[in-house]
Amino acid sequence: MRLYRINENVRKPIIAGNWKLHKTLQEAVQLVTLLKRSLPADQDVEVVVCPPFTALSETAEVLMESGIHVGAQDLYWEDKGAFTGEVSAPLIKDAGAGFVIVGHSERRQFFHETHETVNKKTKAALKAGLAPIVCVGETLAEREAGKTFAVLEDQLKGAFLGFTQEEIRKVIVAYEPVWAIGTGRTALPEQAQEAHAFIRKEIQKRFGEEAAKALRIQYGGSVKPDNIGSLMKQEDIDGALVGGASLEADAFAEIVKTAGKAAREKEVRSCCTP
Ligand code: PGA
């Protein structure tokens, strides 16, 4: 019997938990300790948790050699200087993180993040050796006005202005329709697939076939253990950025396991269907 493994030509799924403004240091350590117990180190899925800055280094310490990575939720583009209150990519790296979320819709909405700042932050992350998870997505009004693709095109163009193919290869994109974030309203798998395929096409237009094929695109917006399977079945969905459900160890671990299973089935499908 032939066993199918996620091979190198297949995009490795990536599930990231965005804790937002939740968890004290003690709660954070408790959560990652539980995750470490329930998720074996050799997952077919790349797993990342993104706690608040205050818990970065302690969680990284607990997760050392666990196969679970740590990421920050934001960064500032300058490395150092008189920028009171900011945290730079080298400091995030120094705290033990390997990833950073950039341009989340909450940052765009509440903290005046623009195409230009997303671009600078993504560049700064790469320079420091952090893998940026760049968020894009339309609001409900934009979707209803038929502007979804125009908004995505604009956001991608802004975020990756001046990027090389080499840089794009290190980036992860998260498609997060704003109307699905924290609302309990998930995009239908087909709706999400349509947006993901569009994003891949845009990357292909600007950076070529290879970069587009290799690009991992996460879906985000009310991802739960019971909807991750149908989302992951979609061809262009390579993982998820999980908010609410990442705050609870059982739910997050179940999302990771279900995503792994769906990805393995997807690989068998794509390898064996003529
Ligand atoms: P949610 O958040 O899963 O709670 O909808 C997702 C996100 O904001 O990344």
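Colleague: Is R169 buried, partly exposed or exposed?

Modeller: Start with the cut-offs. Buried means under 20% relative accessible area, exposed means over 50%, and partly exposed is in between, with a 1.4 Å probe and protein chains only. R169 has 43% relative accessibility, so R169 counts as partly exposed. Two notes before we go on. This is a predicted model, where local features need pLDDT of at least 70, side-chain atom pairs count only at pLDDT 80 or more, and totals for chains, interfaces and linings use all residues. Residues are numbered from 1 along each chain as its sequence is written, and side-chain values use heavy atoms, with hydrogens and water left out.

Colleague: Where is R169 found?

Modeller: R169 sits in the loop between helix 8 (165–168) and strand 6 (172–175). K170 is in the loop between helix 8 and strand 6 too. At 46% relative accessibility, K170 counts as partly exposed.

Colleague: Which residues are in contact with R169, and which does K170 touch?

Modeller: Contact means heavy atoms within 4.5 Å. Leave aside neighbours within four places in sequence, and R169 is in contact with E210 and A214. For K170, not counting residues up to four places away, the partners are L126, A131 and P132. K170 and D236 are 66 residues apart in sequence and 17 Å apart in space, C-alpha to C-alpha. R169 and Q193 are 24 residues apart in sequence, and their C-alpha atoms are 21 Å apart.

Colleague: Is F198 buried or exposed?

Modeller: F198 has a relative accessible area of 17%, so F198 is buried. Its place is in helix 9 (residues 189–207). F198 touches F149, L152 and E153, not counting residues up to four places away in sequence. F198 and Q30 are 168 residues apart in sequence and 39 Å apart in space, C-alpha to C-alpha.

Colleague: What should I read from the backbone angles? Which value of phi does K20 have?

Modeller: K20 has a positive phi of about 55°, although K20 is not a glycine. K20 lies in the loop between strand 1 (14–18) and helix 1 (25–38). K20 is partly exposed because its relative accessibility is 21%. E65 is another case: its phi is near 60°, a positive value in a residue other than glycine. E65 is in the loop between helix 2 (56–63) and strand 3 (68–72). With 80% relative accessibility, E65 counts as exposed.

Colleague: How much space lies in the second largest pocket?

Modeller: Definitions come before the number. On a 1 Å grid over the protein atoms alone, a cavity is a set of points where a 1.4 Å probe fits but cannot get out; a pocket is an open set with protein on both sides within 12 Å along at least five of seven lines; lining residues have an atom within 4 Å of a point. Points are joined across faces, edges and corners, and the volume is the space filled by probe spheres set on them. The second largest pocket holds about 380 Å³. Its lining has 15 residues, and the closest to its centre are K20, L21, Q73, R107 and F111. Helix 4 (residues 105–110) gives the largest share of that lining, three residues.

Colleague: How does that lining divide by class?

Modeller: Ala, Val, Leu, Ile, Met, Phe, Trp, Tyr, Cys and Pro count as nonpolar, Asp, Glu, Lys and Arg as charged, and the others, Gly among them, as polar. The lining of the second largest pocket has eight nonpolar, three polar and four charged residues.

Colleague: How many cavities of 30 Å³ or more does a search of the whole structure find?

Modeller: One. The largest cavity holds about 30 Å³. Its lining residues are L39, P40, A41, Q43, V45, V47, S66, G67 and I68. Six of the lining residues are nonpolar, three polar and none charged.

Colleague: Now the whole protein. How many helices and strands are there?

Modeller: Twelve helices and eight strands. Buried residues make up 51% of the 274 residues. Among contacts between residues at least 6 apart in sequence, 73% join residues at least 24 apart. The C-alpha trace spans about 60 × 45 × 35 Å along its principal axes.

Key:
Helix = DSSP H or I, 4+ residues; strand = E, 2+ residues; numbered from the N terminus.
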